[in-house]
Amino acid sequence: MSDSSPLPPARLHPEAELARDALSTPLLSRAARLARWASSDTRVDAGGGLAEEQLPAAAELLGLTGDDAAAWASEAWRVAVDTGLVEIVDENEGTVAAGEELALLTGGAPQDVLGVWQTALETVLADASVPDLDDLVEAMDEGGQIDFSSLDWDPDAEADFLDGVLGNLYLLTLNDEGPGDRPVPLPALAASMIVPNDMGEPTNDVLEQVSDAMMRLDDQFRLLEPVGLVEYQPVDEALMADADDEPAAPVDDTDVSRYGMVRLTPLGLYGLRARLLEAGFTAPAVGDLADKGADALLDGTSTFPPGAAQAETEQWLDRREPLAAAQELLAASRGGDAGAPLRRLRCQQALSLVGAEAEPALRAVLDDPELGGLARVWLTERGAADVPPPSEAMIFWLTVDTVAAQLAAEGNSEELTGLVEGLAQQHSGFFAAAWRVDHPATADVLEAMGRLHPDKKIAKEARKAAFKARSQQGG
């Protein structure tokens with residue numbers, strides 16, 4: 001991802017709902033319980049961790065059992081300290097007290113709660129990039145010190161890898177045509193970081209790297225689930241193929257879920273967007289444009305996927321009276337610049353969501369050379385009476401404007417190819433007349449039609465018409 005390219009907009013849940021989700025996550029709720037349990041008798045070690053002799057009591061308080069109970073209690077305590085739910089009063093004596101942030105969980109605004117949760121998330125993400133305990137033990141020298149050079153571990157590279165995986169998961173969640181709320185197979189997510197886009201059949205070496213990445217991610221997502229970032233179905237341990245604990249490749253699509261499935265939660269979507277914004281990415285959210293003018297709405301949604309564009313537009317319309325909204329949209333869609341056709345397409349799509357109260361605004365622009373065709377379409381679709389027929393010049397202008405908008409929105413898509421074929425088929429003399437259309441995009445549209453039309457003869461006609469249009473425009 002480039003930090004200069006805007007990402008698709010995130011559809012976030014209301015902050016009050018997200019704050020409730022944050023409070024109910026296992027890790028933050030455990031941290032809060034430990035913070036309320038802590039007293040002047042609670043002792044911590046030199047690093048601020050809960051003293052070893054107090055871990056059993058902490059685990060019992062949290063209802064944790066099994067071999068990992070002490071580890072999970074220790075993790076919850078670390079989160080409590082890092083988030084400010086617990087304050088180290090005296091480092092020398094190792095005494096603690098409830099922190100100022102603890103009151104925010106019950107008396108703060110949703111944003112306050114989410115701020116505490118975001119700090120907890122950062123703690124867990126940092127832990128997820130650290131080698132597991134077994135590797136650390138193996139790397140200890142005779143003096144009990146960890147020899148990091150023997151781990152083949154680059155902390156920056158590990159953090160970047162996990163950030164990249166989460167970035168891909170974020171994109172897949174936002175993509176209108178992607179998984180959305182559906183879980184993503186862990187092999188696909190690992191492969192997205194390892195396999196080059198232009199690679200056909202992956203080599204054995206690449207497949208081995210994907211397998212290694214899957215196992216790293218399996219460990220990391222197990223850590224990230226309790227903080228509420230993801231919902232995760234771990235790799236089925238029965239699939240471990242050899243002593244190195246690497247899973248064999250999936251046999252077919254029916255068993256892929258056994259190799260791990262991960263889904264970003266609504267809270268996780270909020271958290272990753274906040275991290276992306278902090279890192280300098282342009283990461284919009286649906287609703288960002290609701291209080292802005294129609295010009296910002298039409299320009300801002302020009303790069304949105306269709307579903308997100310409609311959701312954004314609906315929020316914008318909900319805050320305005322239909323007639324005033326229609327008038328503002330029409331005024332903002334005028335222009336002869338390169339972005340104007342797409343603005344008018346977004347305007348048309350927005351107006352399709354407006355009721356009959358907007359009719360006066362559409363009738364007011366019937367004679368407008370740029371908006372008259374759009375207005376006639378809107379009025380006719382609603383069965384309005386006394387809609388004047390468009391002139392031939394207006395029909396051709398609207399056609400060029402529509403194709404220019406589709407080019408800007410979709411590029412050379414199959415839908416646009418179908419539109420081009422239909423236009424040439426319906427109007428036998430289309431190109432003979434189209435090159436004369438007084439529209440800034442006429443030559444570009446005709447060139448695109450020549451490029452897209454599968455019939456070589458018709459494509460040649462389109463290219464000739466584009467040449468005439470350029471000559472008429474003086475270049």
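Me: What makes β3, β5 and β4 an open sheet, and in which sense do they pair?

Reply: In this predicted model, the three strands line up in the order β3-β5-β4, with antiparallel pairing. The two at the edges, β3 (184–185) and β4 (230–233), each pair on one side only.

Me: How do you know that β4 and β5 count as paired?

Reply: Two strands pair if there are at least two bridges between them. β4 and β5 (residues 261–264) are joined by four bridges, so they qualify under that rule. As for who faces whom, E231 stands opposite R263 in β5.

Me: And why are β1 and β2 called a pair?

Reply: Same test: the cut-off is at least two bridges, and β1 (residues 86–90) and β2 (residues 95–98) share four, in the antiparallel sense. D90, for one, has T95 of β2 as its bridge partner. Four residues sit between the strands of this hairpin, and G94 takes a positive phi near 70° there.

Me: How do you know whether F430 and F431 are buried or exposed?

Reply: Buried means under 20% relative accessible area. F430 comes in at 3% and F431 at 7%, so both are buried.

Me: What makes R216 count as a charge over the ring of F161?

Reply: One part of the test is a distance within 6 Å of the ring centre. R216 is at 4.2 Å from the centre of the F161 ring and lies over its face. R30 does likewise with W72, at 5.6 Å from the ring centre, so that distance is also inside the cut-off.

Me: Why can you say that the buried residues of α1 are on the same side?

Reply: The buried residues of α1 (residues 15–24) are L18, A19 and A22. They cover an arc of only 105° around the axis, which means they sit on the same side of α1. On the other side, R20 and S24 are exposed.

Me: What covers those buried residues of α1?

Reply: Among the elements that do so are α2 (26–37), α6 (110–128) and α11 (266–278).

Notes: Residues are numbered from 1 along each chain as its sequence is written. This is a predicted model: local features need pLDDT of at least 70, side-chain atom pairs count only at pLDDT 80 or more; totals for chains, interfaces and linings use all residues. Side-chain values use heavy atoms; hydrogens and water are left out. Buried means under 20% relative accessible area, exposed over 50%, partly exposed in between (1.4 Å probe, protein chains only). A charge sits over a ring if NZ of Lys or CZ of Arg is within 6 Å of the ring centre and within 35 degrees of the ring normal. The arc is that of the directions from the helix axis to the C-beta atoms. Contact means heavy atoms within 4.5 Å.
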